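Here are a few notes to go with your first look at this one. Have the viewer open as you read.

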Amino acid sequence: MLFVAKAGQKELRQMAAEVKTTTMQQASAPAIPLTQRLPQTKGWKELVRDIWDDNPTFRMILAMCPTMGATNMAINGMAQGLATLVATVASSVTVAALRTLIPAEVRLPAYMIIIAFWVTIVDIFLRAYLPPLSAALGPYVPLIITNCFVLGRAEAFASQNSPGLSALDALGVGLGFTMSLTLLGIIRELLGFGSLFGIQIFSGWTPWVIMIIPAGAFLVVGLYVGIVKHFSPGGQIGGGS
Amino acid sequence: MDIFLIVLGAILTNNILLTTFLGICPFIGVSGEYASASGMGMAVIFVLTMTLPANWLIKHFVLDPLGVGYLSLIVYIVTIAFLVQVVEMFMKRFLPALYSSLGIFLPLITVNCAILGGVLFAIATWNLGFMQSVAYGFGGGVGWALAIILMAAIRERLRFAPIPEGLKGPGIALIIAGLMAMSFVGFSGMINIRDFGG
């Protein structure tokens, strides 16, 4: 009788301990704030990797035409970056949603047509609602079609992942690209015009003409690539098509 | 006379690579060796000379009469991909020697923005005539090839030069391209292809 009671007590204690740990787990799960839980999720890791570690401009040396052609002013760089971001996210989501329907043999032409469709939409939108910006960017908005990383994201990521994850992946690349282009635009506009987003910063500034002409674009991007590689030598430095 | 001036202008004053930044990714990626650089250059001359008139015909005889200008980007990129495929198959069958030297570069050309960019500048932005488009396609290709061959020659010399670690590879290539672009500024003002457009 005593033995049974003892055993019962032991079981009870065990049960109580179990209950305590499970309730603690249940209680502790929502207790971790979102900012700490978010970095552990897969989508967040994709996002951060694409923005920084695989930055399309300074790391992978991809999409150089708009990087140079559209960054003589900070606002142009930002607009080009955002236009590319929208086109990349939309194309990646479309490719991911249709990934089971597109036969493997014709996937590249299919991706090109999807991308061309979304770039056309972005181009028409800019022409209708922001005509001065569209005129300043010229053919560099339609040229997003041949932007290597838009097709690259579709082929390497969106063709194998869900639309939600592909959207985050494309968002990361797009944000990294927008960041790089805005940075380049800021440097070139500051030295070339003495202004920032059209607001005069230095009064009586002698413009560095070289920053506005094509040669300056090559020099600034080259130095940026060198600086990024110098301070974080790890990771991939590309230079493909 | 116009034709000659446009070819010259496309090579020197409106160089497709050094003034409009088209085709920089292969320019940085393939310019490590002289042989592959000249192969890529030849392939660009070939494809640009063919795609520009083809897209000109499509714009003026299909897209404009039908009033479907909003489809132009999709049609241009499909035409380019199709023509690259045809050129590749034609070369493989009839010019095997040329194919073995250019073959690997041809598929890369579909996503070379020099091709679509050349089409957009000549047909959409400047509105050139048919023969002028042919001239611009050929001249633009030659200009691009000239730039990448010059670059490859310089990079072969640089192989043993003392370059800071961070700038090795793409960094120094971009800075050299900057210096080349600066020297090409010397030609600016001689000819402007924009003036020939309608």
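1. One term before we start: a residue is called buried under 20% relative accessible area, exposed over 50%, and partly exposed in between. Keep in mind too that this is a predicted model.

2. A:Glu155 and A:Arg107 make a salt bridge, with 2.9 Å between their closest N and O atoms. The two come from distant parts of the chain, 48 residues apart: A:Glu155 sits in helix α8 (residues 148-158) and A:Arg107 in helix α6 (residues 107-129) of chain A. Buried or exposed, or something in between? A:Arg107 has 30% relative accessibility, so it counts as partly exposed, and A:Glu155, at 26%, is also put down as partly exposed.

3. Helix α6 of chain A holds another pair. Here A:Arg127 meets A:Asp123 in a salt bridge, the closest N and O atoms lying 2.8 Å apart. Because they are four residues apart in the helix, about one helical turn separates them.

4. Over all chains, the whole structure has four salt bridges.

5. Now for the place where the chains meet. How many salt bridges are there between chain B and chain A? The count is zero. As for polar contacts across this interface, one residue pair qualifies, with both residues at pLDDT 80 or more.

6. What does the contact consist of, then? It takes in 42 residues of chain A and 39 of chain B. About 3100 Å² is buried between the two chains, and 83% of that is on carbon and sulfur atoms. On the chain B side, B:Phe21, B:Cys25 and B:Leu174 lose the most area to chain A, together 21% of what that side buries.

7. Last, a closer look at the chain B side. The elements giving two or more residues to it are α2 (24-29), α4 (72-94), α7 (113-125) and α9 (170-184) of chain B. Of these, α9(B) gives the most, with eight residues. By type, the residues on this side split into 27 nonpolar, 10 polar and two charged.

Notes:
Residues are numbered from 1 along each chain as its sequence is written. Chains are lettered from A and ligands numbered from 1 in the order in which they are written. This is a predicted model: local features need pLDDT of at least 70, side-chain atom pairs count only at pLDDT 80 or more; totals for chains, interfaces and linings use all residues. Side-chain values use heavy atoms; hydrogens and water are left out. Contact means heavy atoms within 4.5 Å. Buried area is the accessible area (1.4 Å probe) that two parts lose on being put together, summed over both. A salt bridge is a side-chain nitrogen of Lys or Arg within 4 Å of a carboxyl oxygen of Asp or Glu. A polar contact is a pair of N or O atoms within 3.5 Å; within protein, one must be able to donate a hydrogen and the other to accept it, and residues adjacent in sequence count only if both atoms are side-chain atoms. Ala, Val, Leu, Ile, Met, Phe, Trp, Tyr, Cys and Pro count as nonpolar, Asp, Glu, Lys and Arg as charged, and the others, Gly among them, as polar. Buried means under 20% relative accessible area, exposed over 50%, partly exposed in between (1.4 Å probe, protein chains only).
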